[in-house]
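Hi,

Here is the structure I said I would pass on. Please load it before you read the notes below.

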Amino acid sequence: MDTIYALATARGRAGVAVIRISGPLAWEASAALAGALPEPRHSALRRLRWAGDVLDEALVLVFEAGRSFTGERVVELHLHGSIAVVSAVLSALGEQPGLRPAEAGEFTRRALENGRLDLTQVEGLADLIDAETEIQRKQALRIFSGAISAKTEVWRMRLIRAAALIEATIDFADEEVPVDVGPEVMELIGSVVSDIRDNLRGAAVSERIRDGFEVAIIGVPNAGKSTLLNALAGREAAITSEIAGTTRDVIEVRMDLKGLPVTLLDTAGLRDTGDIVEAMGIERAQARAKAADLRVFLTEDDVLPPGVNREPEDIVVRGKADLRCGDGEAVSGLTGQGIDRLVDQITHLLDKRAAGGSLMVRERHRKALRSAELSLSAATVEIESGQAEIVAEHIRFALRSLETLVGRVDVEDLLGEIFSSFCIGK
C-alpha cells in the first residue's frame with residue numbers, strides 16, 4: 001500500500017493550510033520533516049525542515065491505524081496558508097521514497113476499503129461537501145452519520161431471523177417442527193416491506209432536496225416574468241424589455257430560498273405565434289413547466305395563458321403591481337411589492353413536500369430497495385404456498401440487495417464514478 005499525501009484544504013492563500021499524509025510510511029515521512037512526533041491523537045508545534053532549510057512552523061497531529069479517517073496511519077500538518085509554504089512542503093514530501101500524491105477522493109476511498117465508512121456514508125460525505133443550503137446540509141449530514149446503514153442493519157437482522165426460521169423447517173423437514181414459523185416469518189418480512197415502501201415513497205423528494213427544486217415562472221409575453229426573476233435572484237439574470245417575446249429560451253437561476261435549494265425558471269411567454277424560433281421557445285417552456293416541482297403563473301387578470309391547465313398547488317398572482325394602484329395582492333419585480341409574500345408561498349409549499357423525504361437520495365438507493373421489495377413480496381406469496389426452499393432463496397436475494405445498498409457487494413463499477421466527484425485531498 002502506497003503512502004499518499006495531498007493538500008486537504010482549498011488551494012490559494014489562507015490563514016491555515018492542512019496537508020494530510022496517510023499510509024504505512026506516514027509517521028516516518030512526517031518525522032523526516034518535523035523531528036520527533038507527538039503522541040497519537042495529540043498535537044504539537046514543530047519546525048519543519050528539509051535539505052537544511054526551514055520550511056515553516058506547523059501544528060502536527062498524529063493518528064494511529066484504526067483511529068484515523070482513512071483507517072491507516074495518518075499525520076496532518078497544519079501550516080501557514082501561504083502558497084509558497086504549501087508548495088515547499090509538498091515538494092519535500094514528494095522527494096521521499098514510497099510517497100506519492102493522492103488521487104481525487106483517494107483518502108475517502110481508503111476509508112471505505114478499511115471499513116471506516118460504508119458506501120452510503122461516502123455518498124453522504126460527497127453531498128455534504130456540495131451542500132449549498134441548510135436543508136441539504138442536514139440531509140447530507142444525516143446520511144454521512146450512518147442513518148441509512150443503521151436502518152439497513154435493522155432490516156438485515158429481521159430478514160436473517162426470518163431466513164433462520166425458514167431454514168429450520170427445511171433442515172428438519174422429516175421431523176415434526178413443534179411451532180408453525182409462518183406467522184413470525186410473515187410479520188418479519190411484512191415489517192421490512194412496509195419500511196422499504198415508506199422510504200421509496202419519500203425518495204423522490206429527498207433527491208429533489210439534494211439536486212434542488214425547480215420553480216417555473218409562467219405567463220404571457222411581457223407579463224413581467226424576467227423582472228420578477230431578477231428581483232427574486234437579487235441580480236440581473238434575465239434580459240428585460242418592453243418588446244414581447246424577448247425571452248426565447250429557459251433561463252435558470254439557482255438560489256437558496258429560505259434554506260431550500262431552488263432553481264427558478266424564467267420561461268418564454270406563452271402565446272400563439274408564427275415566429276418559428278419563438279414557437280420553439282414556447283414549446284420548451286411548456287415542457288419545462290410541466291416537469292417543474294412548482295409553477296408560478298404571472299397574470300394580468302387571473303386568467304391563465306393559453307394551452308395550460310391549473311394544478312392544485314399552482315400559485316397564481318397578478319403582476320406589475322407598480323401599475324395597479326391599490327392592488328395589494330399583486331407583485332412587482334420592479335418595486336419589490338408582494339415579493340416577500342410570494343417567497344413565503346413558494347417556501348411553504350416546498351417545505352411541505354420536503355417533510356415527506358426519506359433517507360434514500362439517489363437512484364442507486366431506489367433500485368436496491370425496489371429489488372429487495374420485489375424479492376420479499378415474492379417470498380410472501382411462496383410462504384402461503386408452503387415452498388420453504390423458494391422462500392429462503394427470495395430472502396437471500398433481498399439480503400443481497402440490501403448489502404449492495406451499503407456497498408458490501410457488487411459496487412466496484414460504481415466507485416470510479418463516485419470518487420471522481422471528490423477533490424484531491426478528500
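Ala51 counts as exposed, at 71% relative accessibility; the cut-off for that is over 50%. This is a predicted model, so please read every value as computed from it. Ala51 sits in the loop between strand S3 (43-50) and strand S4 (53-63). Its backbone stands out too: Ala51 is not a glycine, yet its phi is positive, about 55 degrees. Most residues other than glycine have a negative phi.

Lys258 is the second case. Its phi is also positive, about 55 degrees, and Lys258 is not a glycine either. Look for Lys258 in the loop between strand S8 (251-257) and strand S9 (260-266). Lys258 is exposed, with a relative accessible area of 57%.

Now strand S10, residues 294-299. Is S10 mostly covered or mostly open? Mostly covered: 6 of its 6 residues are buried. In a regular strand the side chains alternate between the two faces of the sheet. In S10 both faces are covered. Leu294, Val296 and Leu298 are buried on one side. Arg295, Phe297 and Thr299 are buried on the other.

Which strands pair with S10? One is S7 (residues 213-219), which pairs with S10 in the parallel sense over 5 bridges. There, Gly219 stands opposite Leu298 of S10. Another is S11 (residues 315-318), joined to S10 by 4 bridges and also running parallel.

Best wishes

Methods
Residues are numbered from 1 along each chain as its sequence is written. This is a predicted model: local features need pLDDT of at least 70, side-chain atom pairs count only at pLDDT 80 or more; totals for chains, interfaces and linings use all residues. Side-chain values use heavy atoms; hydrogens and water are left out. Buried means under 20% relative accessible area, exposed over 50%, partly exposed in between (1.4 Å probe, protein chains only). Helices (H or I, at least four residues) and strands (E, at least two) are DSSP runs, numbered from the N terminus. Two strands pair if DSSP finds at least two bridges between them.
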